[in-house]
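Trainee: Could you walk me through reading this model, one feature at a time?
Mentor: Gladly; have a look at it here, and then ask away.

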Amino acid sequence: MPATIYLHWAATPYTWVRSGLYHTIISGDGRLNRLHAYSVDLPAHTWRRNSNSVALSCACMGGQPDPWTMPPTEAQLEAMCREAARITVSWGWSAGDISLQTVMTHAEAASNRDGRWMHDNYGPVIWGGSGERWDFLQLSRNGPPTGGDELRQRIRRYLSEPEAAPSSRLEFRRARTMKARGRELAVELDANGTSWALAAELLELYEIPYEWEASRRRILIGSLDVAPTFQDDQVQPSVGWPLFEMGLQRGDAPLILRGIVRENRAWCPVLEFAEEFGISVSFEPFMLWERRGG
């Protein structure tokens with residue numbers, strides 16, 4: 001199948017995050033939870049349409065018995081469409097490439113609205129389906145059944161109008177050193193007091209094999225003892241710097257963490273790195289010790 005982006009809602013509370021189902025889950029506040037590299041296929045997000053595709057899902061519509069007690073938030077819709085726009089830019093697409101054939105809601109995919117008859121119609125009843133999936137048929141309770149068209153229009157708008165620069169780009173305020181494995185590690189503190197270090201220096205310090213893919217701004221980790229925990233403080237695009245991803249060299253390419261590319265160097269939050277790689281930490285002063293079990 002040609003490359004396609006599928007837009008879902010997870011039928012969950014706003015804070016739900018689980019790996020293996022979607023490439024990115026958007027929390028109720030608009031936070032992006034990147035779980036898998038966009039370059040890999042996941043097996044179970046859109047029936048018979050999982051190949052050569054990316055799945056974005058909003059954690060919402062989990063109200064019981066009425067799903068509309070947890071509707072998609074405006075922050076979620078904006079974040080999802082902006083992320084879809086970023087993906088299409090990385091693929092070399094323009095606004096003219098956004099169509100029903102390239103960006104679909106799960107409601108539209110379930111009903112084969114793109115003209116590709118992939119399966120029986122399990123989409124909305126108003127489109128002749130069984131009603132099993134109706135993600136983004138509407139964007140609000142009792143709204144018109146034009147959710148897919150509205151979302152695609154948003155994505156086209158974000159592509160036509162370059163994303164505005166953030167009002168305040170994350171800045172490093174103070175250079176210092178800290179102890180890590182008994183050695184001196186150079187770090188930078190931002191305005192929030194978060195410590196950042198060069199990803200390559202941390203990986204080399206802990207003897208973790210890696211490969212830097214510059215074209216994809218990605219670090220691939222060759223380790224069998226890392227199980228990503230998907231911290232909810234994952235670095236967001238709002239920091240204002242290009243982001244890089246650190247992921248495992250595994251079939252489903254799970255992301256370990258994200259960081260920023262500043263002055264052509266990859267930086268990551270030190271504490272998040274420690275949490276993801278099972279490194280013991282002590283505070284006052286902040287120090288990293290050995291990997292637990294490593």
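Trainee: Where does P65 lie?
Mentor: P65 lies in the loop between β4 (53–58) and α1. Names such as these come from DSSP runs: helices are H or I runs of at least four residues, strands are E runs of at least two, and both are numbered from the N terminus. The bond that joins Q64 and P65 is a cis peptide bond, with omega about 0°.

Trainee: What kind of model is this, and how are residues numbered?
Mentor: This is a predicted model, in which local features need pLDDT of at least 70 and side-chain atom pairs count only at pLDDT 80 or more, while totals for chains, interfaces and linings use all residues. Residues are numbered from 1 along each chain as its sequence is written, and side-chain values use heavy atoms, with hydrogens and water left out.

Trainee: Which other residues does a cis peptide bond join?
Mentor: E284 and P285 are joined by one, again with omega about 0°. P285 sits in the loop between β14 and β15. Those two strands form a hairpin with four residues between them, and E284 in the turn has a positive phi of about 55°.

Trainee: How do I read the pairing of strands?
Mentor: Strands of a sheet pair through backbone hydrogen bonds, either parallel or antiparallel. Two strands count as paired if DSSP finds at least two bridges between them. Here β14 and β15 pair in the antiparallel sense over three bridges, with I279 opposite R291 in β15. By contrast, strand β6 (residues 172–180) and strand β15 (residues 287–291) run parallel and are joined by two bridges; in this pair A180 stands opposite L288.

Trainee: In what order do the strands of the open sheet come?
Mentor: The order is β9-β10-β11-β12-β13-β8-β7-β6-β15-β14, 10 strands with mixed pairing. At the edges are β9 (210–213) and β14 (279–282), each of which pairs on one side only. Within the sheet, strand β7 (residues 183–190) pairs with strand β8 (residues 195–198) in the antiparallel sense over two bridges, and E188 stands opposite W196 in β8.

Trainee: How many helices and strands does the protein have?
Mentor: The protein has five helices and 15 strands. Its radius of gyration is 21 Å, close to the 19 Å that the globule rule gives for 294 residues, so the protein is as compact as a globular protein of that length. That radius is taken over C-alpha atoms, and the rule is 2.2 Å times the number of residues to the power 0.38. Along its principal axes, the C-alpha trace spans about 65 × 40 × 40 Å.

Trainee: What share of the residues is buried?
Mentor: Buried residues make up 53% of the 294. Buried means under 20% relative accessible area, exposed over 50%, and partly exposed in between (1.4 Å probe, protein chains only). Take F136, in the loop between α2 and α3: this residue is buried, with a relative accessible area of 0%. F136 also has phi near 60°, a positive value in a residue other than glycine.

Trainee: How many salt bridges does a search of the whole structure find?
Mentor: The search finds 15. Each is a side-chain nitrogen of Lys or Arg within 4 Å of a carboxyl oxygen of Asp or Glu. In one of them, the side chains of E74 and R154 meet at 3.0 Å, N to O. This pair links distant parts of the chain, 80 residues apart: E74 belongs to helix α1 (residues 74–90) and R154 to helix α3 (residues 147–160). E74 is partly exposed at 47% relative accessibility, whereas R154 is buried at 15%.

Trainee: Which residue forms a salt bridge with R181?
Mentor: That partner is E207, and the closest N and O atoms are 3.7 Å apart. E207 lies in the loop between α4 (199–205) and β9 and R181 in the loop between β6 and β7, so the pair ties together parts that are 26 residues apart in sequence. E207 is exposed, with a relative accessible area of 61%, while R181 counts as partly exposed at 25%. E207 also has a positive phi of about 55°, although it is not a glycine.
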